[in-house]
Amino acid sequence: MRVDMTGRVALVTGSGRGIGRAIADRLAAEGASVVYSDVTAPDDALTDQRHMALALDVTDEHAIADAIAAILARYGKLDIAVNNAGIGTKPGERLTIDKVTTAQWDQLLKIDLGGVFLVSRAVAAPMIAQGYGRIINIASVLGLVPMRLQSAYVAAKAGVVNLTKSMAIELAQHGITVNAIAPGSTATDGWRSWINDATSEEQELHGRLMSHIPMGRPAETAEIAHAALFLADPDSAYITGQILAVDGGWVVGFARDF
Ligand SMILES: NC(=O)c1ccc[n+]([C@@H]2O[C@H](COP(=O)([O-])OP(=O)(O)OC[C@H]3O[C@@H](n4cnc5c(N)ncnc54)[C@H](O)[C@@H]3O)[C@@H](O)[C@H]2O)c1
């Protein structure tokens, strides 16, 4: 799919690596001016002078305000915001609800849900003023269909799902669409190094997970980026409040016989 994004300005949070980097690079490849942002500015991403790199911790509302001000000072507008920054629950930290610590819960909710709120609030004002916007939230299939031992992540991503719908109905009148992507298991670089070093027990666990997914494989980051480009397309103007699962069929049902 080709989309002419020339002249569009896009902010992608957490685009230092992984899914966020793939989305940012794809928007850039289609002609957008891309603001790469992460906890520390991902300067290595700058391949063209029309882009910029910023430090933007999504839990820090002052850093967010500074980032938006810098974007508006440079480009005079912000068309697309991709709320991608997030953390998951590492295999060693997966616990039943009676053992989840308050610190774990708070950190996950603060980054994965609070970050979407803070950044969306900050970008909504200039988007309302310009009468145009595309907000794309990276949720997860676990926000639609929970998995055991990840209750904070599941709750945060379910929150992102309903926050997406809530913002969509508020912002539609301003020409702003708000949608989410719910990726399934995605083969980021982090995932690849994990799978390379995984113990046989972890490999077996992973194999079992894959056997539940109709496609039987994880997504490539480019496949998530493709969906983001579709939602960012100016022609996707009548699509809002939708949660697009890009998951190889995960949420549709088990690919198993019982
Ligand atoms: N990889 C998967 O299988 C998968 C599946 C479903 C959903 N997701 C979601 O996709 C998004 C990206 O995940 P990924 O797999 O690319 O992860 P990743 O760890 O490779 O990249 C996440 C990026 O977010 C950044 N980040 C973390 N906390 C931040 C903060 N407070 N402020 C700004 N940036 C911050 C990290 O520095 C990192 O660069 C996340 O929201 C994640 O929950 C991933």
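**Helix packing, sheet and ligand shell**

The axes of α1 and helix α7 (residues 221–232) come within 8 Å of each other and cross at roughly 50°. That angle makes α1 oblique to α7, because angles from 65 to 115 degrees count as roughly perpendicular and those under 35 degrees as roughly parallel. The crossing of α1 past α7 is right-handed. On the α1 side the contact involves G18, I19, A22, I23, R26 and L27, which meet T221, A222, I224, A225, A228, L229 and A232 of α7. Sorted by class, the residues of this contact of α1 with α7 are 10 nonpolar, two polar and one charged. The model described here is a predicted one.

The sheet comes next. Seven strands form an open sheet with parallel pairing, in the order β3-β2-β1-β4-β5-β6-β9. Its edge strands are β3 (52–55) and β9 (243–246), each of which pairs on one side only. From one strand to the next, the twist averages 20°. Within the sheet, strand β1 (residues 9–12) and strand β4 (residues 80–83) run parallel and are joined by three bridges. V12 stands opposite V82 in β4.

Helix α3 packs on this sheet, where α3 touches β1, β4, β5 (133–138) and β6 (176–183). The direction of α3 makes about 175° with that of β4. Helix α4 (residues 151–171) lies across β5, β6 and β9, and runs at about 165° to β6.

α3 and α4 meet at an angle of about 15°, with their axes 9 Å apart. They are therefore roughly parallel to each other, and their crossing is right-handed. From α3 the contact takes in Q104, W105, L108, L109, D112, L113, V116, F117, S120 and A124. From α4 it takes in A152, Y153, A156, K157, G159, V160, L163, M167 and L171. By class, the residues of the contact of α3 with α4 comprise 14 nonpolar, three polar and two charged.

α3 has a further helix partner in α2. The axes of helix α2 (residues 61–75) and α3 come within 10 Å and cross at roughly 30°. α2 and α3 are therefore roughly parallel to each other, and this crossing too is right-handed. E61, I64, A65, I68 and L72 of α2 make the contact with L118, V119, A122, V123 and P126 of α3. The contact of α2 with α3 has nine nonpolar residues, no polar ones and one charged.

The ligand brings some of these elements together. Around the ligand there are 27 residues, of which G14, G18, I19, A85 and G86 come nearest. G18 and I19 are also among the α1 residues that meet α7. The helices α1 (18–29), α3 (102–130) and α5 (189–197) each supply at least two residues of the shell around the ligand. The largest share, three residues, comes from α1. By class, the shell has nine nonpolar, 15 polar and three charged residues.

Key. Residues numbered from 1 in each chain as written. Predicted model: local features only at pLDDT ≥ 70, side-chain atom pairs only at ≥ 80, totals over all residues. Near = placed C-beta within 6 Å. Helix = DSSP H or I, 4+ residues; strand = E, 2+ residues; numbered from the N terminus. Nonpolar A, V, L, I, M, F, W, Y, C, P; charged D, E, K, R; others polar. Axes fitted to C-alpha atoms, helices over the stretch in contact; angles between N-to-C directions. Parallel < 35°, antiparallel > 145°, perpendicular 65-115°, else oblique. Left-handed = near helix turned anticlockwise from the far one by under 90°. Contact = placed C-beta atoms within 7 Å. Pairing = 2+ DSSP bridges.
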